[in-house]
Amino acid sequence: MGAPGLRLVVVGCSGSYPGPDSPASCYLLEAEHDDGSGSRTWRVLLDLGSGALGALHHHADPRTLDGILLSHLHADHCLDLCGLYVLLKYHPDGPAPRIPVWGPAGTDDRLARAYGLDPASGMHEEMAFRTWPDRPASQPVRIGPFEIDAIPVDHPVEAYGIRVTVGARTVAYSGDTGPCEGLDRLAVGADVLLCEASFREGVDNPPSLHCTGADAARSAQRSGAARLVLTHVPPWYDPADAVREAEPHFTGEILRAVPGLTLTL
């Protein structure tokens, strides 16, 4: 039997807030796996940003998620966990298993405050909150077939790029970051680098915040990624411009993230 496959589905890809054509950041990863109790499809999310929970229903039952992996705690990457809390708590089919949520320190308190809950109880009956391990001595997080490594990247809040491997296949997700060594390390040998491209070249962009399409492409080229998917473009920019900026700097395939885009590795 061949190595298990890894499937990436773009649920939402708008940068900074939901746009007219897409929710904010959310990406579904799926893989078949037998953990000893039978083979099934395992599912994890990379982020669950503003507006993404509704769109997720087109691709998977949110109650069946095996984990949620948060890059950081800005609203466009995490705030729809408040809606997920309601779904899990009040669904007429009754309680589902608690969903593990990996994120920066204080994720549970951040979401409790966002929904106006007492942090002492918060969303803990619906979700099992876990903090990304310290670097560099930590071991990868494992959820079913997924081997997950969170690598610090350059953003004004505690933020991580997330690298997910199944068998010989790897998706590297930048989260939000400026160009940095962590982004390059994240992308080494990845089959897909899913990288934000919020900024444009030739503009006086603030440092340590976001990448341009060219920044993403240079990182992908340095790191030997096979394919680059540009995402997190704010609604005030045309994503095609990010692709054009990237093309001179990367010899592999460049794709623009759109809702529903599905890649099977």
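1. A definition to begin with: a disulfide here is a pair of cysteine sulfur atoms within 2.5 Å. Bear in mind that this is a predicted model. By that cut-off, searching the whole structure turns up zero disulfides. Take C180: its sulfur lies 7.3 Å from the closest cysteine sulfur, which belongs to C211, and that is too far for a bond. C211 is in no disulfide either, and the nearest cysteine sulfur to it, that of C195, is 4.6 Å away.

2. Are these cysteines buried or exposed? C180 has a relative accessibility of 17%, so it counts as buried. C211 is buried as well, with a relative accessible area of 0%. C195 sits in β11, and it is also buried.

3. Now the sheet that contains β11. Seven strands make up this open sheet, in the order β7-β8-β9-β10-β11-β12-β13, with mixed pairing. β7 and β13 (residues 253–256) are the edge strands, each pairing on one side only. On average, neighbouring strands here are turned by 20° against each other, direction ignored.

4. Have a look at β11 itself. Five of its five residues are buried, so β11 is largely enclosed by the rest of the structure. Both of its faces are covered: V192, L194 and E196 are buried on one side, L193 and C195 on the other. Note that E196 is part of that buried set.

5. What holds β11 to its neighbours in the sheet? Three bridges join it to β10, and the two strands run parallel. In that pairing, V171 has V192 of β11 as its bridge partner. Four bridges join β11 to β12 (residues 227–231), again running parallel, and here L193 is partnered with L228 of β12. Helix α6 (residues 213–223) packs on this sheet and touches β11 and β12; its direction makes about 155° with that of β12.

6. Helix α7 (residues 239–246) belongs in the same part of the picture. Its buried residues are P239, A242, V243, E245 and A246. They cover an arc of only 160° around the axis, which puts them on the same side of α7. Those buried residues pack against α6, β12 and β13.

7. There is another open sheet of seven strands, ordered β6-β5-β4-β3-β2-β1-β14, and its pairing is mixed too. Its edge strands are β6 and β14 (residues 262–264), each pairing on one side only. The twist from one strand to the next averages 20°. Within this sheet, two bridges join β4 (residues 67–69) to β5, and these strands run parallel. The bridge partner of L69 in β5 is W102. α3 packs on this sheet and touches β4, β5 and β6, with its direction at about 145° to that of β6.

8. Which residues of helix α4 (residues 107–115) are buried? They are T107, L111 and A112. Seen down the helix axis, they fall within an arc of 130°, so they line one face of α4. As background, an α-helix has 3.6 residues a turn, so residues three or four places apart point the same way. The cover over the buried residues of α4 includes α2 (75–78), α3 (81–90), β5 (99–103) and β6 (127–131). Just after α4, G116 takes a positive phi of about 75°.

9. Last, the nonpolar cores. The largest has 30 residues, and L29, L69, W132, F146 and I148 have the most contacts inside it. Among the elements giving two or more residues to this core are β1, β2 and β3, along with β7, β8, β9, β10 and β11. β9 gives the most, with four residues. A second, separate core has 28 residues, including L28, C82, L87 and L88.

Definitions and conventions. Residues numbered from 1 in each chain as written. Predicted model: local features only at pLDDT ≥ 70, side-chain atom pairs only at ≥ 80, totals over all residues. Heavy atoms only, no water. Buried < 20%, exposed > 50% of the residue type's maximum accessible area, 1.4 Å probe, protein only. Arc of directions from axis to C-beta. Contact = heavy atoms within 4.5 Å. Core = buried A, V, L, I, M, F, W, Y, C linked by side-chain atoms within 4.5 Å. Pairing = 2+ DSSP bridges. Axes fitted to C-alpha atoms, helices over the stretch in contact; angles between N-to-C directions.
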